[in-house]
Amino acid sequence: MENLAKTIEPKSDQLNADDLLAGPLTVKIAGIKRGPSADQPVELAIDGHRPYRPCKSMRRVLIACWGDNGADWVGRSMTLYMDKTVKFGGVAVGGVRISHVSHIDCDISMMLTTTRSRRSEYRVKQLTAEPAEYPAEKF
C-alpha cells in the first residue's frame with residue numbers, strides 16, 4: 001500500500017475538514033444542486049470526491065468571485081483547505097475553506113463576518129493550475 005490517505009477518510013456523505021488533514025485539495029465542480037437542508041442549501045458535486053456543501057461564508061466567497069448563477073460555476077475549479085481556527089459552539093473544530101478559485105483575473109479581498117459583531121478580511125487567490133483528472137470510481 002503506497003497511499004494510505006483512503007484509510008483515514010471519515011464516513012460521511014459530504015466532504016469535511018477531516019478529509020483535508022493531509023493538505024489542500026484542488027477540485028473541479030461537476031454539478032450543483034439544492035442541498036439536503038436549510039442549513040446546507042447548496043451541494044457542489046466535485047470530480048473524484050464526495051460533494052462539498054459550502055457554509056454561508058464560503059457561498060459568499062463563491063458568489064463574490066463567480067456571481068450568483070450556480071450554473072456558471074460548473075467546470076470551474078477551487079482549492080479547499082482545512083482551517084483549524086473555525087469554531088462551532090465556541091470550540092475550534094476546524095472547517096473547510098476556499099483559498100484559490102479559477103476564472104478570476106486577480107486575487108480578491110472581501111470582508112466576512114467572523115462572529116456576530118466582528119468582520120475580518122478574507123482573501124482568495126487566483127487559481128492558475130487545473131486540478132488533476134480523477135478516474136470514475138469503480139464499485
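This is a predicted model: local features need pLDDT of at least 70, side-chain atom pairs count only at pLDDT 80 or more; totals for chains, interfaces and linings use all residues.
**Order along the chain.** Residues are numbered from 1 along each chain as its sequence is written, and side-chain values use heavy atoms, with hydrogens and water left out.

Six of them make an open sheet in the order 2-1-3-6-8-7, with mixed pairing. Strand 2 (42-46) and strand 7 (108-115) are at the edges with a single partner strand each, so one side of each has no neighbour in the sheet. On average, neighbouring strands of this sheet are turned by 50 degrees against each other, direction ignored. Two strands pair if DSSP finds at least two bridges between them. Strand 1 (residues 25-34) and strand 2 are paired in the antiparallel sense over five bridges.

**The helix.** Next I checked what helix 1 (residues 56-66) lies across: strand 1, strand 2, strand 3 (77-83), strand 6 (95-101), strand 7 and strand 8 (118-126). It runs at about 160 degrees to strand 7. For angles, axes are lines fitted to C-alpha atoms, for helices over the stretch in contact, and the values run from 0 to 180 degrees between N-to-C directions. Buried means under 20% relative accessible area, exposed over 50%, and partly exposed in between (1.4 Å probe, protein chains only). The buried residues of helix 1 are Ser57, Met58, Arg59, Val61, Leu62, Cys65 and Trp66. I picked Ser57: it counts as buried at 16% relative accessibility. Leaving aside residues up to four places away in sequence, Ser57 touches Leu112 and Thr113, where contact means heavy atoms within 4.5 Å. After helix 1 comes Gly67, with a positive phi near 90 degrees.

**Salt bridges.** I counted five salt bridges, using a side-chain nitrogen of Lys or Arg within 4 Å of a carboxyl oxygen of Asp or Glu. Which residue does Glu43 face as bridge partner in the sheet? That is Lys33. Glu43 and Lys33 also form a salt bridge, with the closest N and O atoms 3.6 Å apart. Glu43 lies in strand 2 and Lys33 in strand 1, so the pair ties together parts ten residues apart in sequence. Is Glu43 buried or exposed? Glu43 is buried, at 11% relative accessible area, while Lys33 is exposed at 53%. Glu43 meets Arg53 in a salt bridge as well (2.8 Å, N to O). Salt bridges that share partners join Asp13, Lys33, Glu43 and Arg53 into one network. I also found Arg50 and Asp19 meeting in a salt bridge at 2.7 Å, N to O. Arg50 sits in the loop between strand 2 and helix 1 and Asp19 in the segment before strand 1, 31 residues apart.

**Whole chain.** Residues 24 or more positions apart account for 51% of the contacts with a separation of 6 or more.

Note on methods. Helices (H or I, at least four residues) and strands (E, at least two) are DSSP runs, numbered from the N terminus.
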